Amino acid sequence: MFKPKAIYFEKDIENYQLGKELMEKYNDVPKIEIENHNAIDEMRKKENKEFVNMKRNLIIGVRKTHKFVENHKVSDYLVPYTSSGCTASCMYCYLVCNYNKCAYLRLFVNRENMLDKIIKTAEKSEKDLTFEIGSNSDLILENTITNNLVWTIENFKNTKKGKLTFPTKFDMVDDILNLRT
Ligand code: SF4
């Protein structure tokens with residue numbers, strides 16, 4: 001079970017249910033307030049070789065950009081969702097190549113806004129769209145911290161149209177296999 005060394009958080013997360021839950025869950029973990037999850041000075045100053053240690057922290061903020069990117073592979077859109085980066089340290093990780101030392105897990109607590117945009121886009125479309133929600137992180141791993149996949153499936157299952165997809169390499173799937181859809 002992942003237990004962060006420290007939590008870097010934006011003040012605004014306390015205005016969201018998930019933000020409150022995470023602060024309560026980790027009430028015994030040292031907290032550092034930050035202005036913006038994208039610009040943490042302390043992290044910027046660290047050397048690249050420290051990226052594994054940096055991944056022992058958790059960054060919690062509010063996602064401001066919700067731009068869907070067209071995709072012509074397994075989905076219609078790549079969608080920014082509830083996290084980016086992850087807590088694992090696979091040496092071949094493409095996120096490390098893309099984000100460099102900032103491939104640590106960032107959680108975004110405004111999941112209601114993000115899922116609402118997906119549902120509205122799905123229901124407005126004539127086509128049955130597929131949304132890829134796991135291109136920025138591994139959501140099965142994230143789910144062990146936030147329960148966000150369970151929440152997402154429960155809140156998406158009655159949508160009239162649309163599908164969600166995400167890849168994973170982890171097997172902690174019991175929580176979602178037991179859901180009734
Ligand atoms: S689990 Fe996936 S996202 Fe995380 S470090 Fe490994 S390859 Fe990268």
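This is a predicted model: local features need pLDDT of at least 70, side-chain atom pairs count only at pLDDT 80 or more; totals for chains, interfaces and linings use all residues.
Residues are numbered from 1 along each chain as its sequence is written.

The chain contains 8 helices and 9 strands. Helices (H or I, at least four residues) and strands (E, at least two) are DSSP runs, numbered from the N terminus. Along the principal axes, the C-alpha atoms fill a box of roughly 50 × 35 × 30 Å. The radius of gyration is 16 Å, which agrees with the value near 16 Å that a compact globule of 181 residues would have. That radius is taken over C-alpha atoms, and the globule rule is 2.2 Å times the number of residues to the power 0.38. Of the 181 residues, 34% count as buried. A residue is buried if 20 or more other C-beta atoms lie within 10 Å of its own, exposed if 12 or fewer, and partly exposed in between, with C-beta atoms placed from the backbone. Among contacts between residues at least 6 apart in sequence, 77% join residues at least 24 apart. Two residues are in contact if their C-beta atoms, placed from the backbone, lie within 7 Å.

Next come the sheets. Strands of a sheet pair through backbone hydrogen bonds, either parallel or antiparallel. Two strands are taken to pair if DSSP finds at least two bridges between them. Strand β3 (residues 58-61) runs parallel to β1 (residues 7-10), to which 3 bridges join it; the bridge partner of I7 in β3 is L58. β3 also pairs with β7 in the parallel sense, over 3 bridges, and here G61 stands opposite F108 in β7. From β3, L58 and I60 point one way and I59 and G61 the other, and all are buried. The pairing of β6 with β7 is antiparallel, over 2 bridges, with R106 in β7 as the bridge partner of S84.

The other open sheet described here has 4 strands in the order β4-β5-β8-β9, again with mixed pairing. β4 (69-70) and β9 (163-165) are the edge strands, each pairing on one side only. β9 is parallel to strand β8 (residues 130-132), and 3 bridges connect the pair. In β9, K163 is the bridge partner of T130.

An α-helix has 3.6 residues a turn, so residues three or four places apart point the same way. In α6, the buried residues are L139, I140, E142, N143 and T146. They cover an arc of only 155° around the axis, so they are on the same side of α6. The arc is that of the directions from the helix axis to the C-beta atoms. These buried residues pack against α1 (17-25), β6 (83-84), β7 (106-108), α7 and α8. In α7 (residues 148-156), N148, L149 and T152 are buried. Seen down the axis, they fall within an arc of 95°, so they line one face of the helix. The elements covering them include α5 (111-124), α6 (139-146) and α8 (174-177).

Between α6 and α7, in the loop, lies N147. Most residues other than glycine have a negative phi. The phi of N147 is positive, near 65°. N147 counts as partly exposed because it has 14 C-beta neighbours inside 10 Å.

L129 lies in the loop between α5 and β8. With 19 C-beta neighbours inside 10 Å, L129 also counts as partly exposed. Leaving aside neighbours within four places in sequence, L129 is in contact with D76, Y77, T121, A122 and G162. Its C-alpha atom is separated by 23 Å from that of L177, which is 48 residues away along the chain.

Finally, the ligand is surrounded by C86, A88, S89, C90, C93, L95, D138 and K169. A residue is near a molecule if its C-beta atom, placed from the backbone, lies within 6 Å of it. The shell divides into 5 nonpolar, 1 polar and 2 charged residues. Ala, Val, Leu, Ile, Met, Phe, Trp, Tyr, Cys and Pro count as nonpolar, Asp, Glu, Lys and Arg as charged, and the others, Gly among them, as polar.
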